[in-house]
Amino acid sequence: MEYGIISIAIPLLTIFLAIITKDVIVSLVGGIFAGLLVLNGYDPLTAFTALFDGIVSLFSEGWITKTLLFALMIGAIIKLLNLSGAVDSFVLYLSQKAKKIDSPKGAMLLAYIIGVIIFIESSITSLIAGTVAKPLCDKNGVSRAKLAYICDSTSAPICSLIPLNGWGALLLGLIVSAVDTNVISGDPVTLLIASIPYNFYAIFTLIIVLIVIYFKFDIGPMKQSLPHPYHQSQFHTEAKPTPYPMLLPIIVMVLAVPAGLYLTGKGDIFKGSGSTSVYYGVIVTLFFMYFYYVFGRIISHKLYFKGFYEGLGEMIPVVMILLFALFIGKVIGDLGTAKYLAHLLSGNISPVLIPMLVFLVSAITAFSTGTSWGTFSIMMPIGLALGASMGVDIPLVIAAVISGGIFGDHASPISDTTIISSMAAGCDHVEHVRTQLPYALIGGALSAMAFLLAGWILL
């Protein structure tokens with residue numbers, strides 16, 4: 001059955017609801033219900049029933065359940081790293097052992113390096129980078145606005161470039177959904193990895209931050225930002241200066257995922273199951289953390305499971321977003337949005353422009369809603385369907401959605417990562433938004449041009 005303009009109206013309604021409510025779950029559920037209403041002959045009772053039956057039916061598919069459990073267990077790992085004192089020990093180790101960082105450039109580089117190394121979760125990245133580097137930045141006359149900018153610019157970008165985290169769970173789930181519904185073809189893990197070199201905004205942002213650090217590239221309001229009076233920082237006296245409780249679990253997780261791909265692919269890492277590999281990767285990591293932390297007397301058995309359950313609970317909102325994102329992907333597929341868009345745009349918009357347009361629409365959505373994850377959930381099904389129908393390189397489209405989401409989120413004053421970066425650096429939030437925006441716009445402009453050029457080259 002052909003739904004015509006209605007098939008486009010449903011995803012547009014979802015974006016509109018996201019902008020108005022600034023609530024991703026409400027907007028996704030609203031879009032799902034509206035789509036089910038259309039699919040079920042505008043019978044509200046049937047659509048209502050289909051909404052909740054559809055949620056249950058999603059769990060009948062193994063890859064969906066594994067992806068959701070992976071996201072939950074990532075939360076447990078993050079919580080245990082904090083509860084065990086691994087983060088504090090890592091901070092103390094850096095502050096005591098790395099004596100060469102006691103300079104303006106060294107203090108900023110420390111924040112940058114921490115942002116690159118700690119890629120498990122964007123909020124954790126900002127908080128650790130800000131906590132560690134703030135006293136050194138104050139001591140060496142680096143403004144907290146600049147520190148907040150560095151924290152913000154190395155959190156989401158690095159998490160999207162090294163997606164062995166909750167970001168990876170969400171993105172992989174969205175791509176798997178598109179493959180499962182035959183919107184696109186290919187191995188989801190391979191497609192996600194192939195998109196990384198095209199994640200232009202993340203790459204440009206990390207380069208721009210280095211330029212700011214090395215060449216004192218202060219533009220706009222950043223020129224007027226003043227350093228904060230220095231106060232001696234106090235570290236936890238019970239923490240021991242060692243990097244191992246922090247680094248070893250991350251190393252285990254990093255190694256476990258490709259090992260899982262190799263085993264499930266029967267010797268071919270590119271044919272392995274992505275959902276199975278990340279699922280067992282976090283399980284192996286949690287087992288390692290238990291033996292290392294409990295038998296190493298870092299934390300008790302009771303405290304381990306306290307952190308485990310609390311970490312699971314803290315990831316429930318993310319899992320709900322992922323669940324409804326998978327659902328709306330199926331609804332949009334059933335409505336035939338991609339086919340109608342292809343018919344509508346055929347001869348009107350060149351496929352060369354699609355990556356840049358996807359990037360810009362994703363950026364506007366993320367800026368309006370203040371969430372990159374919500375933007376991924378809304379735009380990934382639309383972007384992939386449009387890209388597949390127009391013959392555009394799929395990894396490039398994936399990267400356009402990711403880059404656009406990060407750009408809009410980076411520039412948005414209501415973004416959680418923007419707010420957390422301000423808090424971590426001890427910087428006034430309005431000042432952080434004002435001083436960061438010119439750099440974000442430079443990265444966004446360069447990315448738009450890069451997506452236009454890549455669309456032309458890869459067509």
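1. The accessible surface of the protein chain amounts to about 18,900 Å², and carbon and sulfur atoms hold 69% of that area. The model is a predicted one, and the remarks below should be read with that in mind.

2. As to overall form, the C-alpha atoms occupy a box of roughly 70 × 50 × 45 Å along the principal axes. The radius of gyration of the protein chain is 22 Å, which agrees with a compact globule, because a globule of 459 residues would have a value near 23 Å. Of the 459 residues, 57% are buried. Among contacts with a separation of 6 or more, 79% join residues 24 or more positions apart.

3. In secondary structure, the protein chain has 22 helices and zero strands.

4. Which residues have the most contacts inside the largest nonpolar core? They are Met-246 and Phe-376, in a core that has 146 residues. Once residues up to four places away in sequence are set aside, Phe-376 touches Trp-167, Leu-170, Leu-171 and Leu-174, together with Pro-381, Val-401, Ile-402, Gly-405 and Ile-406. As background, nonpolar side chains in soluble globular proteins tend to be buried together.

5. Arg-144 deserves a separate look. Arg-144 is placed in helix 8, which covers residues 144-153, and it counts as buried because its relative accessible area is 15%, with the cut-off for that class set at under 20%. A polar atom of the Arg-144 side chain lies 3.5 Å from the backbone oxygen of Gly-426.

6. The structure holds zero disulfides, and two cysteines illustrate the point. For Cys-137, the closest cysteine sulfur is that of Cys-151 at 8.0 Å, which is too far for a bond because a disulfide needs the two sulfur atoms within 2.5 Å. For Cys-159, the closest cysteine sulfur is again in Cys-151, but here the distance is 13 Å, likewise too far for a bond.

7. Are Cys-137 and Cys-159 buried or exposed? Cys-137 is buried, since its relative accessible area is 0%, and Cys-159 also counts as buried, at 0% relative accessibility.

Technical notes
Residues numbered from 1 in each chain as written. Predicted model: local features only at pLDDT ≥ 70, side-chain atom pairs only at ≥ 80, totals over all residues. Heavy atoms only, no water. Helix = DSSP H or I, 4+ residues; strand = E, 2+ residues; numbered from the N terminus. Buried < 20%, exposed > 50% of the residue type's maximum accessible area, 1.4 Å probe, protein only. Polar contact = N/O pair within 3.5 Å; in protein donor to acceptor, adjacent residues only side chain to side chain. Core = buried A, V, L, I, M, F, W, Y, C linked by side-chain atoms within 4.5 Å. Contact = heavy atoms within 4.5 Å. Rg over C-alpha atoms; globule rule 2.2 N^0.38 Å. Areas by Shrake-Rupley, 256 points an atom, 1.4 Å probe, with all protein chains shown as cover.
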